[in-house]
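Good morning, and thank you for coming.

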Amino acid sequence: MGRQATAKSPSRRRPASTRSAEAAASPVSDTKTRVSKTAKKPTEKSSATARGSATAKGSAAAKKTVPKKSAATTAKRSRKRTTSAHSSQTTQARNQPRAGTGRAMLSTVRREFARVSAYPLTTYYLILVSVLALTCLGLVMVLSASSITSYDGGEGSSFAYFNKQAGFVAMGIVLMTVATVVPLHWWHRLAWPALGLGVLLQVAVFVPGIGKATKGNANWIQFGSFQLQPSEFLKIALAVWLGYVLASKHGKMTTFAHAMIPVVPGIVIALGLVIGGNDLGTGLVLMAMALACLFIGFFPWKYFFLLFGALAVVAASFVFSSENRLRRITAALTGHADQTASDVTGQAWQSNHGLFSLASGGWLGVGLGASREKWSWLPEAHNDFIFAIIGEELGLLGSLAVILMFAALACGLVRVILRSKSRFIQIATAGLFAWLIGQAAINICVVTGLLPVIGLPLPFVSYGGSSIVASLLAVGVILSFARTEDGASAAIKVHKDRVRSSFAVLARKRKK
């Protein structure tokens, strides 16, 4: 039994040197174990020399093994560092394309904006699109805001005011189209005749049998069933006239006589006739137009401030001389505290219900046509306070959309002023800017309670035949100015050629 076991275990018969060599050739873990076993349990048959040589070889093998283990550990650490460095490089490589893509998109947007801004007809289309959008919205809101008043007022139809407004819009678009193609030199020739006609129509307001007073304002003329508010068209005439006069007197207003004549007499006549009809709201708009034209026309500063002070004194005197106007200012300053006003035409009543209408709209509104204030709660819901109905039915987002449309129109008018080389165009456009944008700002501030009730319609949106026709005609004048921009005539010619070729293609297809 003992022999067989000894024969079956050849490792015991091998000398210690052979076993130590095998331990050196084995893997790291086995080498350490076998070396320790050899050092602890040497065979009895081994001599002292063999034990010494085995111990020396085992220690040499151990010394050789330890560096291998440390090298493996170092390799692992280096691989980890390489992996982390690679991952960081990959993350940076991923982030760099994103940053590069964002910059590329931003640069592309800038290039496209610059290209569109440099296009000669950008100003033209910016004004045209914004005005048409406001006009279409105005038709919808007039139908919604006036449906109850129109039916209850004896018209017998909820579409009565809407049909009239649609007819006025059609007339205004025709006049706008005609005014757009009028050459620039024709506006020079029409400056004096336009002002004379406007003043003559405004004088007719005071003629018995022709003039008509409405709600305390003698600002209308009537021929049979036809009514006209001449002060709306006087605004256009005054802007064109001031543009022509100030452009022709540029650099010559060095003395008092050259500066004041005929500029100041023309402003005083137009403003006096309007305020004489007790229409201070329109008078304030005319003042703003005159000051804007004088500012852009490089009117001498000392005379400019003198005229500004005189107009301020006139406006203040008309305000403090009227108890009705003082009550409006008091109602605006006291926060409309009179909630129980029994007079539905009172200022507190109208202002409060305008705020109620805006507040009940929320973010998205109560829905188109679902206004509650238009049921005879809010006076002039389809006219001066139509912005309150917009806020109630379309909400805050709808109100902001209207403001953005007016902002786009303002940008278009500013582009006309900045990109035109004609001083006449710059001055006249500045006056029309003060009218359209200034009146819109006043109307919105009145509805939101920031200003006292003045009684000015919202351009292009409120109901009113004279207002919408005159506003669209003024836009036609501005569009004719925009067509004089450098390169605009060539771009228009290209568009006409494209339209003709398109119609020619359609005609061929129909023949086939």
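I begin with helix H9, residues 230-248, and helix H18, residues 465-482, whose axes come within 8 Å and cross at roughly 15°. Please bear in mind that this is a predicted model. Angles under 35 degrees count as roughly parallel, and H9 and H18 are therefore roughly parallel to each other. Their crossing is right-handed. On the H9 side, the contact is made by Glu232, Phe233 and Ile236. H18 contributes Ser466, Ser467, Val469, Ala470, Leu473, Ala474 and Val477. Sorted by class, the residues of this contact are seven nonpolar, two polar and one charged.

Let us stay with H18 and turn to another partner. How far apart are the axes of H17 and H18, and at what angle do these helices pack? Helix H17 covers residues 423-447, and its axis lies 11 Å from that of H18, at an angle of about 150°. An angle over 145 degrees counts as roughly antiparallel, which makes H17 roughly antiparallel to H18. Here the crossing is left-handed. From H17, the contact involves Phe424, Ile425, Ala428, Thr429, Leu432, Trp435 and Leu436. From H18, the residues are Ala470, Ser471, Ala474, Val475, Val477, Ile478 and Phe481. This contact divides into twelve nonpolar residues, two polar ones and no charged ones. Please note that Ala470, Ala474 and Val477 of H18 take part in the contact with H9, and that these three residues also belong to the contact with H17.

The next pair is helix H11, residues 263-276, and helix H13, residues 301-320. Their axes come within 13 Å and cross at roughly 10°. H11 and H13 are therefore roughly parallel to each other. Val264, Ile267, Leu271 and Ile275 of H11 meet Leu307, Leu311, Val314 and Phe318 of H13. Which classes of residue make up this contact? There are eight nonpolar residues, with no polar and no charged ones.

Proline 262 is in the loop between helix H10, residues 256-260, and H11. In the loop between H11 and helix H12, residues 280-296, we find asparagine 278. Phi of asparagine 278 is near 70°, a positive value in a residue other than glycine.

Finally, I come to empty space inside the model. Rolling a probe the size of a water molecule over the atoms shows where such space is left. How many cavities of 30 Å³ or more are counted? The count comes to one, and the largest cavity has a volume of about 50 Å³. Its lining consists of Asp384, Phe385, Ile442, Asn443, Val446, Val447, Val453, Ile454, Gly455 and Leu456. By class, that lining has seven nonpolar, two polar and one charged residues. Ile442, Asn443, Val446 and Val447 of this lining fall within the residue range of H17, 423-447.

Thank you for your attention.

Notes. Residues are numbered from 1 along each chain as its sequence is written. This is a predicted model: local features need pLDDT of at least 70, side-chain atom pairs count only at pLDDT 80 or more; totals for chains, interfaces and linings use all residues. Side-chain values use heavy atoms; hydrogens and water are left out. Axes are lines fitted to C-alpha atoms, for helices over the stretch in contact, and angles run from 0 to 180 degrees between N-to-C directions. Helices (H or I, at least four residues) and strands (E, at least two) are DSSP runs, numbered from the N terminus. Angles under 35 degrees count as roughly parallel, over 145 as roughly antiparallel, 65 to 115 as roughly perpendicular and the rest as oblique. A crossing is left-handed if the near helix is turned anticlockwise from the far one by less than a right angle, and right-handed if clockwise. Contact means heavy atoms within 4.5 Å. Ala, Val, Leu, Ile, Met, Phe, Trp, Tyr, Cys and Pro count as nonpolar, Asp, Glu, Lys and Arg as charged, and the others, Gly among them, as polar. On a 1 Å grid over the protein atoms alone, a cavity is a set of points where a 1.4 Å probe fits but cannot get out, and a pocket is an open set with protein on both sides within 12 Å along at least five of seven lines; lining residues have an atom within 4 Å of a point. Grid points are joined across faces, edges and corners, and a volume is the space filled by probe spheres set on the points.
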